[in-house]
Amino acid sequence: MEENKTFTSDEGYFFGLGFFETIAVEKGQPLLLDWHLERLVDSCRLLGITFPCSAENVEKILSEKDCPEKGVLKIVASSENILFLTRENHYGPADYEKGFRLAYSKVRRNETSPLTYRKSLNYGDCILEKRAVRGTEIQEPIFLNTRGEIAEGATSNIFFVKDGILYTPEVDSGLLPGILRRWVLENAEKEGKPVVERRILPEDVKDFEECFVTNSLMGIMPVTALGEVEFQSRKVTESWMAKYEDFVYKAAYK
């Protein structure tokens, strides 16, 4: 498969019927690429789009692009188009040192929509909510679903910690099963400390000791507050940050 050199108007452009992946790139290595492509191929099936993309194809295309050492590869797929875009990954040490403050969005996640569970080009709610908090003390809006349960962040999945155990909203709460979410779940399982996936309400948050959010570009980001609830501890969060940093180092220098 080769990158499209021209853009054709299609349902992706007119109606947002398409999908994308944002992949962290370290030292030229696309992280967790197989998982990203697995999710993209699966999503495309929903719309009857054939996406005959292999990891080798993507790595070849990436090698021909001027991607920063700490970069991002974005793949966009619709019925008539496949685009590969690169840019810098803007998350840096200061972000992790400070941590994120979160606030509840007034927009609700629709847990009944199949597009909620895929990285769809129907991404307007996320973009508008991120723009709404720009310039404030809030770094990430958090969506509730139509039942009032915590679902996910505008660009992230959310985890909580209590007594050393990780908790996260179950997928049926209406969330995109993120690549880093999967990484945390699978590694916790390997350690014999599986993550508890359940419905979480805003009133439950005060009972947790720590919180962090994840996505493919930020990795694992500590959270200092969600709404009115402040989190004083980072002990478990920092242990997961260290595990992921070790994974990234080994992937980049394999």
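Helix α5 (residues 124–132) contributes the largest share of the lining of the largest pocket, namely six residues. The structure is a predicted model, in which local features require pLDDT of at least 70 and side-chain atom pairs count only at pLDDT 80 or more, while totals for chains, interfaces and linings use all residues. Residues are numbered from 1 along each chain as its sequence is written, and side-chain values use heavy atoms, with hydrogens and water left out.

Of its 47 lining residues, F20, Y123, C126, A154 and T155 are the closest to its centre. A pocket is here an open set of points on a 1 Å grid over the protein atoms alone, where a 1.4 Å probe fits, with protein on both sides within 12 Å along at least five of seven lines; lining residues have an atom within 4 Å of a point. The volume is the space filled by probe spheres set on the points, which are joined across faces, edges and corners. Elements that each supply at least two lining residues include β1 (19–26), β5 (100–109), α5 and α6 (179–190); helices (H or I, at least four residues) and strands (E, at least two) are DSSP runs numbered from the N terminus. By class, the lining comprises 16 nonpolar, 19 polar and twelve charged residues, where Ala, Val, Leu, Ile, Met, Phe, Trp, Tyr, Cys and Pro count as nonpolar, Asp, Glu, Lys and Arg as charged, and the others, Gly among them, as polar.

The second largest pocket has a volume of about 280 Å³. Its lining consists of 18 residues, with K70, Y96, M218, Y244 and E245 nearest the centre. Helix α7 (235–252) gives the most to this lining, with four residues. Eleven of the lining residues are nonpolar, four polar and three charged.

The structure contains zero disulfides, a disulfide being a pair of cysteine sulfur atoms within 2.5 Å. C126 is in none, and the nearest cysteine sulfur, that of C211, lies 17 Å away, which is too far for a bond. C126 is buried (under 20% relative accessible area; exposed, over 50%), at 5% relative accessibility. C211 is likewise buried, at 2%.

In helix α3 (residues 55–63), A55, V58, I61 and L62 are buried. Viewed down the helix axis, these residues fall within an arc of 130° and therefore line one face; the arc is that of the directions from the axis to the C-beta atoms. E56, K60 and S63 are exposed on the other side. The buried residues pack against β1, β2 (29–30), α2 (33–46), β3 and β4, with contact taken as heavy atoms within 4.5 Å.

Notes: Buried means under 20% relative accessible area, exposed over 50%, partly exposed in between (1.4 Å probe, protein chains only).
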